[in-house]
Amino acid sequence: MADYKAPLRDMRFVLNEVFDAPKLWQTMPALAEVVDAETAEAILEEAGKITANSIAPLNRSGDEEGCRWVDGAVTTPAGYPEAYRLYAEGGWVGVGGDPAYSGMGMPKAISAQVEEMMNSASLAFGLYPMLTSGACLSLYAHASEELKQKYLPNMYAGVWSGSMCLTEPHAGTDLGIIRTKAEPQADGSYKVSGTKIFITGGEHDLTENIIHLVLAKLPDAPAGSRGISLFLVPKVMVNEDGSLGERNSLGCGSIEHKMGIQASATCVMNFDGATGWMVGEPNKGLAAMFTMMNYERLGVGIQGLATGERSYQSAIEYARERIQSRAPTGPVAQDKAADPIIVHPDVRRMLLTMKALNEGGRAFSSYVALQLDIAKFSDDAEARQRAEALVALLTPVAKAFLTDMGLETTVHGQQVFGGHGFIREWGQEQLVRDCRITQIYEGTNGIQALDLLGRKVVGSGGELYRAFAEEVRSYCAAAGGELEEFTTPLKAALENLDALTAFAIDSAKRNPNEIGAASVEYLHVFGYTAYAYMWARMAEAALGKETQDDFYASKLGTARFYFARLLPRIHSLSASVRAGSDSLYLLEASQF
Ligand SMILES: Cc1cc2nc3c(=O)[nH]c(=O)nc-3n(C[C@H](O)[C@H](O)[C@H](O)COP(=O)(O)OP(=O)(O)OC[C@H]3O[C@@H](n4cnc5c(N)ncnc54)[C@H](O)[C@@H]3O)c2cc1C
């Protein structure tokens, strides 16, 4: 496997040349104080170094060794505790945290790039800080000031980590049926009892304390998702002076043996009357969790992109070196027995598909991150509202499309290696295994698609969709004639998506099965159209500079490939959407 190199040139291009993020940050006072182009550059450089030098080298050994569970204690692979300490000491866990609680205060558009680098270096490693910053977000938005003061600084500092305890053996997608209980105590605390499964980082040896955020039901809670509350439950009790006290009554019953992310501990957590404190209001726990979901779901999308990027870096190196057969148009490497496989059209198809999906994904995730920043930091109420609408609409696309494309990319990256792609020592098969979970956790991609089409598009009567469509339409209308080769197919793709959206809204009125039947393909049409918008904007930023630098020539060539070879996928997907739900119900359950 090639050594990981952070794609800093492309990150800079996206932030500075495509979106002019530094200018945008200057319009938002809370950001203008802490970040400018130079700070952003320095942070990305440093993140590139620590991820490439200290984390990436642990990725394969971590996969081979995995985590171990003995009598309730979980040991992470060799080198993990030291690397985590280094990462935490650099302030990276709190990169997006509020400086009032010792965070670095960086915008999401920067922390998104850091997340990409960290997850490319090692997805399994990246989950520990990612779950911690997710837990911090919920606490920051909903916990009392006392809880925030007591827990956030040590969590941002990476001295303590966080976990999110939602799933139970009988309740995954449908959290309304969870059974974990929380009994109120006279002193204002709660006793939390129940079993949670699949808890990432529920137990490990990286930090001295683990702060669990647990969904549970109060004794008098209404049935279903309206009766869920959120609790902060520390592994070790924290004394008034901030020092650590006794162990809380909770423990890790076992860890899962799984397909990938072997170095990430996936734990069964037993809460036996553990002491906890409510975060936010009674019965509003799901809403409190959702605060963090938009950030976290984008983060999971970025995990898909990150594995795709790592796979591409190895595939391109291999394709330049591996020699097999001659080019169809005649020998290229005359001095060798055969040509490097990069000459073959099918290998180029795979490499360009990987490159186009990775770079499109990086631009799209950065775009969504910028919307999150506007929604959080802008002084302009109208701009905030618009960004919130875009975040609501685009988050399920970012989570599901980036991870679906991530898996496609890692599979191409494995295929480029031929048989060697199947052999562990090359590392490509690990990326396929690691990437696979990103389509499943944090709400399966099927559920993301239902969220997009059912809740966001149909649920808003098309209003949220219009916010996105109008932006793309105005972009095309304002674009100069030199961009026509990109804006003409983009306009056509948008018209197709407009029509498909109207069709879905209409057919949902006739049959309740229509949304679920159309949603996954609809999300993919949406994703390819959104990437087309990103590719048009990247082409615009590169146009005219292609003779200056290979980077721009490569960007334009990849844009042309995207429009010629990948965007047309929307046609077959759209036909599937239009086919409706009838053919899904021709079989009785017994006839399968
Ligand atoms: C490695 C790993 C790490 C995880 N980390 C965490 C964690 O840190 N914290 C945590 O709380 N959980 C965690 N999870 C749990 C994860 O989020 C759930 O597995 C996931 O949300 C799906 O729930 P489930 O497994 O119960 O599947 P189910 O809900 O049983 O779903 C099974 C299938 O049915 C589909 N389905 C279900 N309902 C519908 C519907 N209404 N319409 C259409 N299709 C539907 C689903 O899409 C899926 O394909 C983790 C899981 C794994 C494997």
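Serine 102 lies in the loop that connects α6 (80-89) and α7 (108-121), where helices (H or I, at least four residues) and strands (E, at least two) are DSSP runs numbered from the N terminus. The model is predicted: local features need pLDDT of at least 70, side-chain atom pairs count only at pLDDT 80 or more, and totals for chains, interfaces and linings use all residues. Residues are numbered from 1 along each chain as its sequence is written, and side-chain values use heavy atoms, with hydrogens and water left out.

Most residues other than glycine have a negative phi. Serine 102 has a positive phi, near 75 degrees. Aspartate 71, also not a glycine, has a positive phi of about 50 degrees and sits in the loop between β1 (68-70) and β2 (73-75). The table lists their accessibility; exposed means over 50% relative accessible area, buried under 20% and partly exposed in between (1.4 Å probe, protein chains only).

| Residue | Relative accessible area | Class |
|---|---|---|
| Aspartate 71 | 74% | exposed |
| Serine 102 | 51% | exposed |

Helix α1 (residues 8-18) and helix α11 (residues 345-377) have axes that come within 10 Å and cross at roughly 45 degrees. Axes are lines fitted to C-alpha atoms, for helices over the stretch in contact, and angles run from 0 to 180 degrees between N-to-C directions. The pair α1 and α11 is therefore oblique, the class left after under 35 degrees (roughly parallel), over 145 (roughly antiparallel) and 65 to 115 (roughly perpendicular). Asp10, Met11 and Val14 of α1 make the contact with Glu359, Arg362, Ala363 and Ser366 of α11, contact meaning heavy atoms within 4.5 Å.
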